[in-house]
Amino acid sequence: MSNDPPVEKNEQGVNVTPGTPPARRGRGERAGLDRAAILDAARRLPAEELTMQGVADALGVDRKALHHYVHGREGLLELLAEDVFLTRIAALEIPSDAPWRDACRTFAEGMRQSLVASGALVEHFRTLSRATLAAVRPAEVVLERLLAGGVDEVTAGRALLLLTTIATGFAREEVAAAGAGGHPQVAQFRGMLRETGATELSVLRSLDGSGFDAYGDAQFAFDVGAVIAAVEARLAE
């Protein structure tokens, strides 16, 4: 007969020695509790109920269990903002044979619209915590097209980062401008004009009175065009 101790399977199907106490679950390791479940519960809650406790109650778990996946209400908001962005950016298609200038414009506009779609959540968008094909494939295509156009790898990388920065910042400003009362900085600027003499800051007064839109399509096209012009200048060198 074998002298090996008898074994049996636990509820997870792992061989254990009879009498061995079950392994303790780590914090947050509960049946059905994961990032996707938390996100689904957060989506279904009204904004005023979007708290760690509200999500925990919806999932039927202890609030502390959520900290294994997300930290605080801000973390929930970041999770939701990221989800909207990833859903929209997944639909972005950049033709693999697109000229590099068109690829840059398509990528930047796709980033902008994907973030604007999240509305007020855009303020909570942070660097993606999940590396997904939906997020990185468009960037890869832009880099490929830049390299195919004769742009060196470092310049291509810097151009991509600048396009991302412009699109992210512009989307935040655009959402703010679309709110009730318009962009708060515009109101502050016009208040300053009213407090100064009528003959002061004449160029800025003229520009403001012309209907100049700092947060519309024309400005965004100008911003992206400036990046393209900078890359063209590098190519000319």
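The structure is a predicted model, in which local features require pLDDT of at least 70 and side-chain atom pairs count only at pLDDT 80 or more, whereas totals for chains, interfaces and linings use all residues. Residues are numbered from 1 along each chain as its sequence is written, and side-chain values use heavy atoms, with hydrogens and water left out.

Nine helices and two strands make up the secondary structure of the chain; these elements are DSSP runs numbered from the N terminus, with helices (H or I) of at least four residues and strands (E) of at least two. Their order from the N terminus is β-β-α-α-α-α-α-α-α-α-α. The chain has 237 residues, of which 32% count as buried (buried means under 20% relative accessible area, exposed over 50%, and partly exposed in between, with a 1.4 Å probe and protein chains only). Among contacts (heavy atoms within 4.5 Å) with a separation of 6 or more, 68% join residues 24 or more positions apart. The accessible surface amounts to about 14600 Å², and carbon and sulfur atoms contribute 54% of this area; such areas come from the Shrake-Rupley method with a 1.4 Å probe, and for residues only the protein chains shown count as cover.

Helix α2 spans residues 52-59, and its buried residues include Met52, Gly54, Val55 and Ala56. The buried residues of this helix pack against α1 (35-44) and α3 (72-89). After α2 comes Gly60, which has a positive phi near 75°.

Leaving aside residues up to four places away in sequence, Thr168 touches Met111, Leu115 and Phe125. Thr165 also belongs to α6, but Thr165 is exposed because its relative accessible area is 55%. The C-alpha atoms of Thr165 and Met111 are separated by 9.7 Å, although these residues are 54 residues apart along the chain.

A nonpolar patch on the surface is formed by Met192, Leu201, Leu204, Leu207 and Phe212, which together have about 410 Å² of accessible area. Patches consist of residues with over 30% relative accessible area and no salt bridge, joined within 9 Å for like charges and within 5 Å for nonpolar side chains (Val, Leu, Ile, Met, Phe, Trp, Tyr); a salt bridge places a side-chain nitrogen of Lys or Arg within 4 Å of a carboxyl oxygen of Asp or Glu. Phe212 is located in the loop between α8 (202-209) and α9 (217-236), and Phe212 counts as partly exposed because its relative accessibility is 45%.
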